[in-house]
Amino acid sequence: MEETLEKYALEHINDYADLIKFKSISAQNLELPETANYLAQIFSELGAVCVKKLGAKTAPIVFAEFNGNDPTKTILFYHHYDVQPPEPLEKWDSEPFEPTIHEGKLFARGASDNKGELIARLLLVKYFQAHGGLPVNVKFFVEGQEEIGSPQIEEIVTQNKALLKADACIWEGGGKNNSDNYQIVGGMRGISVFDVEVRTADVDLHSSLASYAENAAWRLIRGLATLRDDQGHVLVEGFYDDIEPLSDQEIKAVKNSDFDLEKVKKRAGLRKTISQDPKFELVNQPTLTINGLDAGYQGSGIKTVIPHLAKAKLDCRLSPSQNPKKIATLIQAHFNKHGFADLKVHYRLGELGFRSEMNDPFVALVLKEATKIYGKDTKYLPNSAGGGPAEIFGKTLKLPILAFGVTYAGSQVHSPNEHIRLADFGQGTQLLGEILTAYGNN
């Protein structure tokens with residue numbers, strides 16, 4: 001009996017474990033060229049007919065192309081090889097960059113996001129190369145700056161439309177949702193990232209002067225508090241204006257989704273929630289989040305000062321139809337209108353959201369194959385709550401984009417003890433093989 005792809009993937013999961021060992025942290029500009037070199041070498045060893053490095057040498061995008069048995073059909077895989085910093089290190093039960101298998105799980109920074117997924121697809125190619133060839137052409141696009149907003153993507157994709165030409169794109173990440181049912185995702189929300197800063201003096205002052213001297217920390221807190229109410233509703237004029245309603249088909253898909261708030265609360269130890277309808281809000285409603293605050297003295301011991309400078313980092317997760325730069329502009333206008341013109345918004349980065357057309361034949365094919373493996377509880381979601389540069393691929397290359405993979409909702413992405421379950425790794429790799437085979441026969 002021919003060895004299944006699932007069994008092969010589990011037996012060979014360590015073949016490319018060296019990928020995980022690279023400390024490819026884009027936020028710190030660590031080991032990005034080295035990781036790209038490793039991937040280029042692996043693609044060449046796997047028999048790629050074309051391997052190229054695109055973009056900046058400090059964080060090159062690695063492109064690879066493999067010929068399939070049906071030369072008329074091409075699938076594009078999008079991935080990234082950069083990861084988040086591993087801190088806080090004391091919260092890890094094993095070394096973050098040393099892949100560790102324990103109790104049926106693979107632990108490491110990037111195990112879920114996104115190196116484990118990439119390893120699964122490398123093994124997919126390796127398996128098919130040893131078992132009659134890939135059913136269809138396959139292209140890989142692997143970037144090294146996804147975790148810092150993919151600053152090269154728009155230019156590179158636009159300049160290389162012919163090189164990236166394909167019939168459909170399978171995105172990185174995804175798998176089982178928080179109800180442990182397999183989920184196919186057709187896109188993602190957008191994001192706007194910005195800082196807010198206020199100065200109330202040229203230097204920090206002695207706290208005894210608080211009788212008359214304004215405090216930058218208090219000023220910042222009061223200004224930020226005008227942006228949102230206690231239920232999470234954003235109070236910025238025009239903030240919700242550009243949201244396009246979901247189609248009837250998309251509404252049905254969201255209603256059929258099985259997001260379970262109680263399970264999320266239990267898993268995260270979440271004490272308080274604010275959403276009235278999280279299933280729909282995660283798909284098509286924007287958010288406003290304070291990511292961090294910085295003001296005054298934060299060292300050990302006591303230092304009684306009035307901070308002269310206060311900063312905050314914020315992001316907005318956006319409906320796919322909203323514009324990231326416009327959102328930052330609206331927030332500055334809100335501060336100006338409400339007596340906080342001294343609070344300055346500094347726009348950092350943004351990504352537009354994207355949704356694939358649900359009636360695309362490739363969507364139907366993927367759902368059919370996923371249901372065969374994972375059963376009738378397989379779900380489709382129009383877009384995820386997270387973001388990424390999918391819009392650039394979808395708009396420029398005119399492709400349906402679907403995200404699904406080998407991870408699950410409890411993988412602790414971006415957190416200590418990030419991991420994937422081996423069973424999910426095997427099943428998810430098998431699914432991808434079935435999809436390529438079915439697409440080749442379609």
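This report describes the aromatic ring contacts of a predicted model.

## Basis of the values

Residues are numbered from 1 along each chain as its sequence is written, and side-chain values use heavy atoms, with hydrogens and water left out.

## Aromatic pairs

The structure holds 15 aromatic pairs, where rings of Phe, Tyr and Trp (its six-membered ring) pair if their centres lie within 6.5 Å, and planes under 30 degrees apart count as stacked, over 60 as edge-to-face and the rest as tilted. One of them is the stacked pair of tyrosine 78 and tryptophan 171, at 3.8 Å centre to centre with 15° between the planes. This pair links distant parts of the chain, since tyrosine 78 lies in strand 3 (residues 70-80) and tryptophan 171 in strand 7 (residues 168-171), 93 residues apart; strands here are DSSP runs of E with at least two residues, and helices are runs of H or I with at least four, both numbered from the N terminus.

Tyrosine 78 is buried, with a relative accessible area of 0%, and tryptophan 171 counts as buried at 2%; buried means under 20% relative accessible area, exposed over 50% and partly exposed in between, with a 1.4 Å probe and protein chains only.

The rings of phenylalanine 362 and tyrosine 439 have their centres 5.5 Å apart and their planes at 80°, so this pair is edge-to-face. It links helix 11 (residues 361-374), which holds phenylalanine 362, with helix 13 (residues 422-441), which holds tyrosine 439.

Key. This is a predicted model: local features need pLDDT of at least 70, side-chain atom pairs count only at pLDDT 80 or more; totals for chains, interfaces and linings use all residues.
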